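Please read them with the coordinates open.

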Amino acid sequence: MKKLSLKMKLTLLYTALMMAVICISLGILFSLSSHQILASVQMRLRERVFEAAEDVEYDHGQLEFDSDLNDLEKGVYLSVYDSGGTFLYGRTPQSFSNTMAFADGSLRREPQEGQDYYVLDAYAYVEDYGNVYIRGVSSATEAEASMLVVRNLALILLPMMAVLTAVLGYFMTRRTLKPVSLMTETVQQIRREKDLSRRIDLGEGRDEIYRLARTFDELLAQVETSLKREQQFTSDVSHELRTPVSSMMLQCEELLAREDLDEEIRRGVLFLEQKVRYLSQMISQLLMISRADQGRQQLMLEGLDFSELTEMAALEAREMAESRGIQVETDIQPGVTLCGDETLLIRMWMNLLENAVRYGKEQGHIYLWLRRQQDTVSGGVKDDGIGISQEDLPHIWERFYQADAARTVSGSSGLGLSMVAWIVRAHQGEIRAESVLGEGSVFSFTFPAAGAAEK
């Protein structure tokens with residue numbers, strides 16, 4: 001049941017309830033109807049027998065019988081017998097035996113040759129003649145057979161009623177839950193497109209679903225406002241920090257340029273310069289992400305020799321990796337072209353390679369590749385470093401997120417991979433990450449090749 005949609009669950013529940021009500025109603029109806037039909041047969045039998053006493057007369061030394069006694073009226077057979085049990089007039093069913101003893105006023109049910117009959121005998125006094133017996137016979141089997149036909153017909157129609165109920169229930173449920181489907185589609189689009197300005201906007205309505213939709217819209221408005229404030233705060237803080245950090249960098253450079261500087265002080269200034277440079281880089285990344293969030297980061301698209309750009313990134317990576325004894329191996333297909341922003345693509349490569357060097361194994365290896373396959377350009381970076389756990393892997397693209405194993409490594413702001421993901425998406429590409437804890441990680445991307453979009 002957990003795998004079924006709410007629409008199917010409600011349809012099944014509605015159908016089950018309706019069929020239960022129908023079955024219970026039919027059961028009660030059949031029970032009462034069966035009892036009522038048999039009671040009606042008995043009542044008609046009594047009426048006909050007692051009315052028949054008026055149809056027998058004695059005139060001129062001879063019994064005379066009204067022709068109505070010979071009619072099969074209301075399913076009742078009537079016959080007249082003398083006091084000795086000799087048949088005088090009337091009709092009886094063909095399968096009915098007249099050997100039964102007479103019992104005045106007693107209604108009996110008698111089975112005979114596969115059929116059940118109701119039998120009622122009554123004494124009638126005929127003036128100037130004496131007593132006669134009037135016997136009424138009515139078939140109980142035929143009355144029950146008519147009820148059985150109705151019951152069988154109901155059993156045949158029951159599956160059709162079940163299907164009809166299910167179909168009507170499905171359409172009623174779908175119509176009722178249509179606003180829920182609209183809400184779900186809208187929320188999925190907001191999540192997919194990351195567009196918090198969209199609203200569900202179901203319109204006016206007073207039921208629970210419309211109130212829920214309005215609550216969602218109010219929540220989205222609050223989240224959008226909060227996010228804009230956060231983005232503006234990040235942008236403002238980054239701008240405000242940029243100038244003092246630049247001044248600190250300049251002062252460090254001037255101090256390091258002095259020849260009379262004490263060696264111990266020089267080491268302190270070098271350490272300070274390293275931290276200020278790291279801070280400057282983080283501020284620069286924050287500014288770029290902030291502009292991207294606000295839609296102000298413009299891409300300077302141009303035709304690029306992506307192979308040459310990748311070779312340049314690999315050359316810088318070898319210099320970074322040299323201090324840790326890491327070998328950088330490349331497999332770069334020459335002549336791969338791409339329509340993109342050269343500055344951003346260089347930053348993408350450098351973030352991926354810096355990440356591989358920072359978390360790579362000392363004396364280990366980094367493998368970089370780039371190739372074109374039909375209408376796509378694919379590339380990536382593979383290392384044999386500390387790796388990422390499967391629990392952390394889905395979160396590595398989030399800003400400032402760092403897996404537990406990575407927190408022991410200095411120099412990471414937690415913004416690099418977030419920026420890489422944005423750069424790839426801005427170029428209509430896709431990026432993936434695979435990793436095994438303690439064995440290494442692979443970051444791979446694909447871009448549409450130059451000219452592929454026009455095909």
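1. In this predicted model, five strands make up an open sheet of mixed pairing, ordered β9-β11-β12-β14-β13; strands are DSSP runs of E of at least two residues, helices are runs of H or I of at least four, both numbered from the N terminus, and two strands pair if DSSP finds at least two bridges between them. Because β9 (327–332) and β13 (430–436) each have a single partner strand, they stand at the edges, and one side of each is left without a neighbour in the sheet. From one strand to the next the twist averages 10 degrees.

2. On conventions, residues are numbered from 1 along each chain as its sequence is written, and side-chain values use heavy atoms, with hydrogens and water left out. As this is a predicted model, local features need pLDDT of at least 70 and side-chain atom pairs count only at pLDDT 80 or more, whereas totals for chains, interfaces and linings use all residues.

3. Within the sheet, strands β12 (residues 376–383) and β14 (residues 440–448) run antiparallel and are joined by seven bridges, with S444 of β14 as the bridge partner of G380. Helix α7 (residues 416–426) lies across β13 and β14, at about 145 degrees to β13, where axes are lines fitted to C-alpha atoms (for helices over the stretch in contact) and angles run from 0 to 180 degrees between N-to-C directions.

4. S435, found in strand β13, is buried at a relative accessible area of 8% (buried means under 20%, exposed over 50%, partly exposed in between, with a 1.4 Å probe and protein chains only). Its side chain makes a polar contact of 2.8 Å with the side chain of S441, and a polar atom of the S435 side chain lies 3.1 Å from the backbone oxygen of G440; a polar contact is a pair of N or O atoms within 3.5 Å, where, within protein, one must be able to donate a hydrogen and the other to accept it, and residues adjacent in sequence count only if both atoms are side-chain atoms.

5. Helix α6 (residues 342–359) has 18 residues and spans 26 Å from its first C-alpha to its last, close to the expected 26 Å, which is 1.5 Å times one less than the number of residues.

6. The axes of α5 (residues 306–322) and α6 come within 10 Å and cross at roughly 35 degrees.

Technical notes: Contact = heavy atoms within 4.5 Å.
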